[in-house]
Every structure is written in structure tokens, then in C-alpha cells.
Amino acid sequence: MKNKIVTNISLKIISLLFAFLLWMVINNASDPTIDKTFTDIPVKLLNTELITDSGQVYEVLEDSTVIDKVTVWAPRSVFNNLTASNIIATADVSEISSLDTIGIRLTTNLGSEVEKIQGSSDTVKLNIENMRTKTLALKTAVQGQVESGYLIGEVTTDQNLVRISGPESIINKINKASVDVDVTGFTSDIGTNAEIRLYNSEDKLIQDSRVSQNIKTVGVKVSIYQTLEVPVILSYTGVPANGYKVHGEIESSAGSVIVAGKSKVLSGVNQIEIPADVIDISGKTEDYEAEVDIRPYLPDNVFLANTAQAKISVIVRIQREITRRMAIRSEKVSVVNVPEGFTASISEMEESILIEAVGLPGDVSGISVNDIEGKIDIAEWMRAESMEEPQEGFYQVEIDFGFPDNVRVAQPITVMMHLSKIVEE
């Protein structure tokens, strides 16, 4: 058996090769039809200007301008030159249906050599709606925080309006155009270009390639100011009605305010002073209350960091004076600072002296009768009389009872003082 297989082995191999070549010749001569499938074939839309020229826009739905699979039937020899790029898929808008669908036409650029071509989908689906244009005022917003001790001032843009166009359903949702600037860590003015962003009524960002803008970015300038806390200085003019007096200091709702400005300007600011004539208490018989706007009295190029501090409440307490009668014994009156070489004596003084102290209730009631002492200070009296050298004689002088500045004597009490030289024996 083995001898039969190996006998004439060369002749048998040649016969096998000849048979295969003969099969190939016969097969190629008949060129049978076969099929081949291609994927992701794009569909070209024709005559789209029929939509856009009528003031409308379109949107392709369900990614229908891409055919998932296209199968081609053709002779085997055709596939030697056929690729996906040879397949032509078109949809003519002039043939659109009432349902806004367009039939897809499939061909190849190989002519009649292709026997059949078929896609997994045969229509393009569109959503067609009116085009709308709207103009929006450009708003600004800042993100982040400037350095401590600084605040954000005016934010300005070199354009105030932006015009947007697109499908009516999208444009109707857009109600704000804004540019955002990050100010984190800044201590000086910012100048930059910022992208314009579109938002709906819920402040959600809208990004749609079908929406066009006449401008995409704008120049933005952000002013950065330094802040400083300074005291508010208050004073008043005039005097209350007769028999009334101011009680205590001026009261206000804000002893200090925070102002802002450029560092160079603020270096010369240490207080905000309100002119006295703003608070006029002339003839008042009760507390004076007013609201004072401090903004007119701010230095040039300085403003309030918080506008809520623009107006402060001011109160000047006014009370009716009272008169308190007190009596002290005459021996509690003394003469002091008698000039050297002179002697001083008091005559015509009652045993008891009646004093009427006038002032606010709290001040007058605080005086203790036991602490009252009357004094005649000759040095002070001479200064008041412009007397450079003491002169002998009788003088009518006023007794000083040492009352506080806010308490006075209703009627000054005077006595006769005799000033004479000392005679040496």
C-alpha cells in the first residue's frame, strides 16, 4: 500500500496544482455575485436652503443622517475597488414629507456594476421650527473673593448688548446673558476678556450649537478698592431754650463706618466729620432726634463700603434745668492767694449764705452741702480785672463755690473785700 502512495509522487503533486488552477480560471470567468456590508455611512442633505431661506432652522433627529449598515450586492470583482467612500447617501429637502421626513437615496460611484444596495434605515428625520433673534442686556458677575481689606467696586464691559439667534424653542428659554470674572486674591483693578454665557430663568447654563451670537467675548474691567474703618465725628450748634440744657454727649447709631477708595486717597483719611450746623438744637425743649446722611461729607473719591451705613440716627438729650437752694455758714468762705505784703478781709457777710444752684437734675442732686466751700481767689480776681499790681481798697468780689462746670449759681453772690498793705511796727 505504501508503495502505491509514494509511487509517482511528483506527478500527483503536479496534477493537484493543475486542478486548482483550472478551478480558479473557471470561477473567475463566471464572476459570481456576492454581498458586502459597510457601517456608519453619512447621509448628505441637499437643498437645505429651502428651509433656512424661509426663516426656519432644522435639527436632525435620532442621528438619522448616519446609516448604521449599508449592504451592497455586486460581482466579486467589483469589491476589489469598492470601499465605504464609494457609497453615496443623499436626502433631498425638496422631497420632505408632511411628517418632516426625507427618503434616503443610496448609490455608488461605480455605476451599473453594483446590482443592489440597501441600508438599515431609509429616512432622515428633521425637526423644523422658526428662527428667532433676540437682544439681551449684558450682565456681569464676579466669582471668588478679593484679599481681606479690599472690596469690589464697579464692573463694566465694553459692550452692553448681545444679539442671539437660533431655534425659537431654544431662544425662548434664554433670558440672561452674563460674563463671569474671577477676582480671587486681587488687590488692584482687573482688565480682561470674558466669554459671554447664556442662562435660562433658573440660572442654568444653555449651550446649543444652533444658537449664534453676534459677539462671543467682551472686555471687562473690575475696580478693586481698599477699605478703612474711620470714626464719625459729630457736633451740634445752637443752645436749647432758656431753662433747658444738653445732657451728655451726642448719641449715634454708628460711631464709625467703613469707607473705600484707592489706597493713595485713603492714606489721607482718618475721620468723617459732620458739620455742626447739620444738627441745630437752637430753642429745643426736648430731645433732638434726626437721621443724618453722611455721604455728602465723605472726601472726594471716597465712598461707603456698605451703603446700609449711609444714614445714621442721632440723638441730643435735652433736659429741663432745676434750681436747688442750699445754705452754708459764712465761716466756710475763705480768701486765698493774697498778694505778699497785703492782707484781705471780708465784711458785710451774713452768718448764713443762701445759694441757688441751677443745672440738670442729675448734676445738681449730686452736690453735697457739707462739701461746699466758698473761695475768693485774689490772683484769679486780679487777672479778671487786668490788675497787674495789687492796690489797696474796698472791692465787691464774687464767691466761687467750686461747682462743676455744668452747674451754675442762679444769682452770683458777692461780698465786700478790703485789700490793704501790711504795716510793719
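Trainee: Let's start with Asp287: what is its relative accessibility?
Mentor: The scale runs like this: buried is under 20% relative accessible area, exposed is over 50%, and partly exposed is in between, using a 1.4 Å probe and protein chains only. Asp287 counts as partly exposed because its relative accessibility is 29%.

Trainee: Before we go on, what kind of model is this?
Mentor: Residues are numbered from 1 along each chain as its sequence is written, and side-chain values use heavy atoms, leaving out hydrogens and water. Local features need pLDDT of at least 70, side-chain atom pairs count only at pLDDT 80 or more, and totals for chains, interfaces and linings use all residues, as the model is predicted.

Trainee: Back to Asp287, then. Which residue does it meet in a salt bridge?
Mentor: A salt bridge here is a side-chain nitrogen of Lys or Arg within 4 Å of a carboxyl oxygen of Asp or Glu. Asp287 has such a contact at 3.0 Å, N to O, and the partner is Arg317.

Trainee: And how many residues apart are those two?
Mentor: Helices (H or I, at least four residues) and strands (E, at least two) are DSSP runs, numbered from the N terminus. Asp287 lies in the loop between strand S19 (272–273) and S20, while Arg317 lies in the loop between S22 and strand S23 (318–320). The pair links distant parts of the chain, and the separation is 30 residues.

Trainee: How many salt bridges does the structure hold?
Mentor: Side chains of opposite charge can pair when their charged atoms come close. One case is Glu59 with Arg210, whose closest N and O atoms are 3.0 Å apart. Glu59 is in strand S3 (residues 56–60) and Arg210 in the loop between strand S13 (190–199) and strand S14 (212–213), so this pair ties together parts 151 residues apart in sequence. The count for the structure is 15.

Trainee: Over which ring does the charged end of Lys116 sit?
Mentor: You can find it by looking out from the charged end of Lys116. The ring centre is 4.7 Å away, and the ring is that of Trp73.

Trainee: What angle lies between the planes of Tyr225 and Phe303?
Mentor: Rings of Phe, Tyr and Trp (its six-membered ring) pair if their centres lie within 6.5 Å; planes under 30 degrees apart are stacked, over 60 edge-to-face, and the rest tilted. The structure holds three aromatic pairs. This one is edge-to-face, with 4.9 Å centre to centre and planes at 85°.

Trainee: How far apart in sequence are the parts that this pair ties together?
Mentor: Tyr225 is buried, with a relative accessible area of 18%, whereas Phe303 is partly exposed at 29%. Tyr225 belongs to strand S15 (residues 217–233) and Phe303 to strand S21 (residues 303–304), so the gap between the tied parts is 78 residues.

Trainee: Now the open sheet of three strands: what order does it have?
Mentor: Two strands pair if DSSP finds at least two bridges between them. S20 and strand S22 (residues 311–316) pair over six bridges in the antiparallel sense, and Val292 stands opposite Ile312 in S22. The sheet is antiparallel, with the order S17-S22-S20.

Trainee: What is phi of Asn337 near?
Mentor: Most residues other than glycine have a negative phi, and most peptide bonds are trans. Asn337 lies in the loop between S25 and strand S26 (342–347) and is partly exposed at 47% relative accessibility. Its phi is positive, near 55°.

Trainee: Last one: how far apart in space are Glu249 and Val336, C-alpha to C-alpha?
Mentor: Glu249 is exposed at 68% relative accessibility and sits in the loop between strand S16 (244–246) and S17. Along the sequence, Glu249 and Val336 are 87 residues apart. In space, C-alpha to C-alpha, the separation is 35 Å.

Technical notes: A charge sits over a ring if NZ of Lys or CZ of Arg is within 6 Å of the ring centre and within 35 degrees of the ring normal.
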